[in-house]
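Subject: Structure for your review

Dear colleague,

Please find the structure below, followed by an account of what was found in it. I would be grateful if you would read the two side by side.

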Amino acid sequence: MKDEQLKIPKDPEKLDKLMEEKMSLGTSFDAGVRRFTILGKKVHIYYINGLCDSLFIIGILSQLTQLQLHEKEQKSIRPARVIENHLVHQSVEHVDKVQDAIDQVLSGLIAVVVEGDEQALIVDVRSYPGRQPEEPDTEKVVRGSRDGYVENIIINTALTRRRIRDGRLRFEMNRVGDRSKTDVAIGYIEGIADPNLVKIVRKELSSIEIDGIPMADKTIEEFIVKQGFNPYPIVRYTERADIGAAHLLEGHVLLFVDTSPSVIILPATFFHHMQHAEEYRQSPAVGTFVRWVRFIGVIASLFLLPFWLLLASQTELLPDALKFIGPNEETNIPLALQIIIADAGIEFLRIAAIHTPTPLSTAMGLIAAVLIGQIAIDVGLFVPEVILYASLAAIGTYATPSYEVSIANKLARIFIILAVSFFKVPGFVIATALVIIYLARMRALNTPYLWPLLPFDPKAFSQVFVRRAIPGSKMRPSIVHPEDPYRQPNGK
Amino acid sequence: MERGKAKETEASFPLSYALTIGLFGGIIWSVVAQLAAYFHFMTFDINAIVEYVNIPKLHSGFYKVLAGIIFHTILSLIVAAAYYFFLKQSKTIWTSILFGIGVWAVFFILLSPLFPSLPFWLEMSRDTLSTSLSLFALYGLFIGYSISYGYERHLLKEKRMNWGNANG
């Protein structure tokens, strides 16, 4: 018989042997077994240290051990059934294969095996080490809920369920990884989400073949969307439960991956990455204003530096009204090189700030902002304009709500800067056109990436630029092909 | 209600869809073209055509730009209609880009000998040539991709509708 199909033996001692072989019982210090004799039968309890709650187990055990007192009157019933009836827990499952029992024990459940019974009783006493929901660092808001997803998939689905108490909201559990056996849940609302999309996601998930996914959702993303060397993100990540719920209601599909505090939103276009919860927490007018300013920031992060470089190196392009722009001082280093050095410098700071302890990074930021820039100008390395425009572009980068898009934009910017420094105007226009064509050609799970700009959809485009009041937006966005296009059931 | 809906989707793909795309495409890309001209990326006067109209107020300054944008938008409607009639079945975005370059060729190779205000492509500077080509390629992409995608969606919807009728 194959190993996978091995049944649980009648004698728990034999199971001990099997466990020693398959679960490293006795070798691995965190795997344990407790042996009892209850009602005259051998009872073994298998567990993993640290993943289960001792208090629960003690509670269950104290019930079982008391069984011996009034066992006599129940002679007619099989001891295994008596023991099962006295497991004081709401979640008890039967498992009859050794491998399944081991999987469960390794997930932090306990397996209770009774002599003479060819099955294990799996009791869910899991208690994973983890933190409480707190506000995610990358998606802060002034107003709005402060609970974010955590590393535990059960808490994450619960946070979502708290916001949508719909029986049609579904979380389909899958296991990914031959060795890691990580839980991945597909979340969608039946009747809104496009069934084809759900089918595709399900198929892609089941076809993943890998030993483990310690990098959780990012690995799943790479398997599903086949990213290649494309820097632009095709899915959106969020750590905010309210954003997750909002997208579910729009007909998106969410992927929850255990051990990751971010969930994947599928599909996501470029303009999905431009949205921020803050806009929806302010009045529509303010939200619209914020959005426009943000677009200006994003455009600046892409085009400001190359455009300035172009105008500065070819001043005859400047219209009369803007003649003052451009470096007024002599430069020692070509402007393009200065810009690239400045950009690289900002990138150094960003990289360094990620893994520098907070007290140090404050000090470092000060050194960077005040000293390096000023001294670079004093020694003649940079002209002041380079510092100005590089900083503006950097701030534009940070104003991009999506971290992934902001970094991808940075790469596109460097590409355009290089094109400008080599080919001037033709370089600028052709590189820009190429970036736009490249983005337009991209498809995120059959969704055009630049929708609703390319292909153009006037109605949806107006919603990108104007944050509409919720009572006024009756339709779900059409791009995810929702089965039920109306948000307001009676408001048709 | 039910009947009206069915009728609506069964109707053929409307020309008005293409014209809407043409309208917005014209506005967006002529504004971009004005900006490019403002920064001397293109050295010829893109609004020169306006001077054929005998209203002196339109021959300079802001009104000239505005008249230029309106004129280009009207042209854009015709271009969008042309795409609608000949190329809407196209599936790839490269057709759209080539279509844009084709429109460019019509203006700067075929029509420029007839209109003195349009430069002939061989006489253009490198800057003007690359900018105008890129603009037209993106404009073609906008018009073509949008119309083709709309058409594709329309067909899909119709198919679903028929499928629903056959089974219901």
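In which loop of chain A is the place of A:Pro455? A:Pro455 sits in the loop between β12 (447-448) and α15 (458-465) of chain A. Please bear in mind throughout that this is a predicted model.

**Backbone features of chain A**

The bond between A:Leu454 and A:Pro455 is a cis peptide bond, with omega about -5°. A cis peptide bond also leads from A:Leu266 to A:Pro267, where omega is near -20°. A:Pro267 belongs to the loop between β10 (263-266) and α9 (277-281) of chain A.

A:Asn446, which is not a glycine, has a positive phi near 70°. This residue lies in the loop between β11 (443-444) and β12 of chain A, and A:Asn446 is exposed because its relative accessible area is 59%, where the cut-off for exposed is over 50%. A:His481 is likewise not a glycine and has a positive phi of about 50°. A:His481 is located in the segment after α15 of chain A and, at 24% relative accessibility, counts as partly exposed. As background, most residues other than glycine have a negative phi, and most peptide bonds are trans.

**Helix α2 of chain A**

Helix α2(A) comprises 13 residues, 54-66. From its first C-alpha to its last it reaches 18 Å, close to the 18 Å expected. Its buried residues are A:Ile57, A:Ile60, A:Leu61 and A:Leu64. These lie on the same side of α2(A) because they cover an arc of only 100° around the axis. The cover over them includes β1 (31-38), β2 (41-48), α3 (79-85), β4 (110-114) and β5 (120-123) of chain A. On the face turned away from the buried side, α2(A) carries the exposed residues A:Leu55 and A:Ile58. At the start of the helix, a side-chain oxygen of A:Asp53 comes to within 3.0 Å of the backbone nitrogen of A:Leu55.

**Helices α10 and α13 of chain A**

Helix α10(A) (284-313) and helix α13(A) (384-399) pack at an angle of about 145°, and their axes are 7 Å apart. The crossing of α10(A) past α13(A) is left-handed. Among the residues that make the contact are A:Gly297, A:Ser301 and A:Trp308 of α10(A), and A:Tyr389, A:Ala393 and A:Gly396 of α13(A).

α13(A) has 16 residues and spans 23 Å from its first C-alpha to its last, close to the 22 Å expected. The buried residues of α13(A) include A:Glu385, A:Val386, A:Tyr389 and A:Thr397. The buried residues of α13(A) fall within an arc of 160° as seen down the axis, so they line one face of the helix. They pack against α10, α11 (335-354) and α14 (403-441) of chain A, whereas A:Ile395 and A:Tyr398 are exposed on the other side of α13(A).

**Chain B**

Chain B contains five helices and zero strands. Of its 168 residues, 43% are buried. Among contacts in chain B with a separation of 6 or more, 74% are between residues 24 or more positions apart.

Is B:Ser90 buried or exposed? B:Ser90 counts as buried because its relative accessibility is 16%, the cut-off being under 20%. B:Ser90 is in the loop between α3 (61-86) and α4 (93-111) of chain B. The side chains of B:Ser90 and B:Thr95 are joined by a polar contact of 2.8 Å. Leaving aside residues up to four places away in sequence, B:Ser90 touches B:Tyr83, B:Thr95 and B:Ser148.

Yours sincerely

Key. Residues numbered from 1 in each chain as written. Chains lettered and ligands numbered in written order. Predicted model: local features only at pLDDT ≥ 70, side-chain atom pairs only at ≥ 80, totals over all residues. Heavy atoms only, no water. Helix = DSSP H or I, 4+ residues; strand = E, 2+ residues; numbered from the N terminus. Expected span 1.5 Å × (residues − 1). Buried < 20%, exposed > 50% of the residue type's maximum accessible area, 1.4 Å probe, protein only. Arc of directions from axis to C-beta. Contact = heavy atoms within 4.5 Å. Polar contact = N/O pair within 3.5 Å; in protein donor to acceptor, adjacent residues only side chain to side chain. Axes fitted to C-alpha atoms, helices over the stretch in contact; angles between N-to-C directions. Left-handed = near helix turned anticlockwise from the far one by under 90°.
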